[in-house]
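Take a look at the protein below. Keep the sequence and the model side by side as you read.

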Amino acid sequence: MAEMGSKGVTAGKIASNVQKKLTRAQEKVLQKLGKADETKDEQFEQCVQNFNKQLTEGTRLQKDLRTYLASVKAMHEASKKLSECLQEVYEPEWPGRDEANKIAENNDLLWMDYHQKLVDQALLTMDTYLGQFPDIKSRIAKRGRKLVDYDSARHHYESLQTAKKKDEAKIAKAEEELIKAQKVFEEMNVDLQEELPSLWNSRVGFYVNTFQSIAGLEENFHKEMSKLNQNLNDVLVSLEKQHGSNTFTVKAQPSDNAPEKGNKSPSPPPDGSPAATPEIRVNHEPEPASGASPGATIPKSPSQSSLPAVVVETFSATVNGAVEGSSGAGRLDLPPGFMFKVQAQHDYTATDTDELQLKAGDVVLVIPFQNPEEQDEGWLMGVKESDWNDHKELEKCRGVFPENFTERVQ
């Protein structure tokens, strides 16, 4: 009996929702045709425009901040590999090996600390800031629907009053419905009229705090990184002084365009003499039988570093490819009627058994409603991709969820 009662309530609710949608649709048609007046609030409409602009700006900032963090992570990995390369080529007997290893460790820690602080002080704050928008957006849409209900009730009441044959009972009922619709609308309207301007004004302080945090963290990071780079330079200068008198011979490679015999290059400067610009001199004559070692000689000067300075390259290819593009995995079977994918941008707590519980980042496979008339405005039907991959049972896994908590990804 309880189950039958529950089904009856559900059926009644569905019928009521269908009737509401029909009434709203009829009212909107009449308003567009100019056969029914529409309640306007220009001040509120301006607040809604500001809200949409603020949401667009915040979403873009969040996306760009995530790209920035991905770039920091890519730079960290590249810097780490460069340090590992130096550690591998740094021979054990060379002076400063322990110092160079310690600098590499501190370099790695500094990158990790910088990335984590950016997440804590910028990205999480950004996520919290944007987290308030879906609820307000949903309430704005609901206010719009309640405004249409109010206009519809008002027009119905007015038509009964102006009818030639008046039915007092119908007029009384229509007046009661009008008062109820007006109360529901005004309660929502008053709350939003207060919240929207306040949210709009909060954007200035949020932007200031966010970019101050990023600028401060980046400034401190570069200061500390500069100290490490100076220490590494000192270690390499010390290494150069120990091995500065050594020369490195580059043997000429045979070439089809090699000059004829007797075409010699000038002799290199004596050992130890300074050279303003490194020169490579190549002797193309055959090696003498005496065992001498002619060829190219690179003179060294005390002012030259034996290793090149670290050059920071841009890593846009890494960010756009390896960091962001990870969707190349094979596709699994999709549920019947699959339309597209969305990804949850915010957590959503289900309030009914037919709703999906979402966490930010969840991917949902969107499918059509079995009965299109049951679909409420702003709601979609779907199954979480993880549940579908695990169970392949549509009846147990599917549910409805608010569209404005998600973003289409495919």
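**The whole protein**

This is a predicted model: local features need pLDDT of at least 70, side-chain atom pairs count only at pLDDT 80 or more, and totals for chains, interfaces and linings use all residues. Residues are numbered from 1 along each chain as its sequence is written, and side-chain values use heavy atoms, with hydrogens and water left out.

The protein has 8 helices and 7 strands. Helices (H or I, at least four residues) and strands (E, at least two) are DSSP runs, numbered from the N terminus. Of the 410 residues, 29% are buried. Buried means under 20% relative accessible area, exposed means over 50%, and partly exposed lies in between (1.4 Å probe, protein chains only).

The accessible surface comes to about 27000 Å². Carbon and sulfur atoms hold 52% of that surface. The areas come from the Shrake-Rupley method with a 1.4 Å probe; for residues, only the protein chains shown count as cover.

Now take contacts, meaning heavy atoms within 4.5 Å. Among those between residues at least 6 apart in sequence, 71% join residues at least 24 apart.

**Salt bridges**

Side chains of opposite charge can pair when their charged atoms come close. A salt bridge is a side-chain nitrogen of Lys or Arg within 4 Å of a carboxyl oxygen of Asp or Glu. How many salt bridges does the structure hold? The count is 15. The table lists some of them.

| Salt bridge | Closest N and O atoms |
|---|---|
| Aspartate 64 and arginine 60 | 3.6 Å |
| Glutamate 393 and lysine 396 | 3.4 Å |
| Arginine 398 and glutamate 395 | 3.1 Å |

Start with aspartate 64 and arginine 60. They pair in a salt bridge. Both sit in helix 2 (residues 42–89), 4 residues apart, so about one helical turn separates them. Aspartate 64 is partly exposed, at 39% relative accessibility. Arginine 60 is exposed, at 60%.

Next come glutamate 393 and lysine 396. Glutamate 393 is partly exposed at 37% relative accessibility, whereas lysine 396 is exposed at 69%.

**A patch of negative charge**

Which residues gather in a patch of negative charge on the surface? They are Glu186, Glu187, Asp191 and Glu194. Patch residues have over 30% relative accessible area and no salt bridge; like charges are joined within 9 Å, and nonpolar side chains (Val, Leu, Ile, Met, Phe, Trp, Tyr) within 5 Å. Glutamate 187 lies in helix 5 (residues 168–243). Its relative accessibility is 46%, so glutamate 187 counts as partly exposed.

**Two single residues**

Glutamine 161 belongs to helix 4 (residues 133–162). At 34% relative accessibility, glutamine 161 is partly exposed. Leaving out residues up to four places away in sequence, glutamine 161 touches Lys166 and Ile171. Glutamine 161 and isoleucine 171 are 10 residues apart in sequence, and their C-alpha atoms are 6.8 Å apart in space.

Where is lysine 392? Lysine 392 is in the loop between helix 7 (385–391) and helix 8 (394–397). Its phi is near 55°, a positive value in a residue other than glycine. Most residues other than glycine have a negative phi. Lysine 392 is partly exposed, with 37% relative accessibility.

Definitions and conventions: Lys and Arg count as positive and Asp and Glu as negative; His and the chain ends are not counted. The place of a charge is taken as NZ of Lys, CZ of Arg, CG of Asp or CD of Glu.
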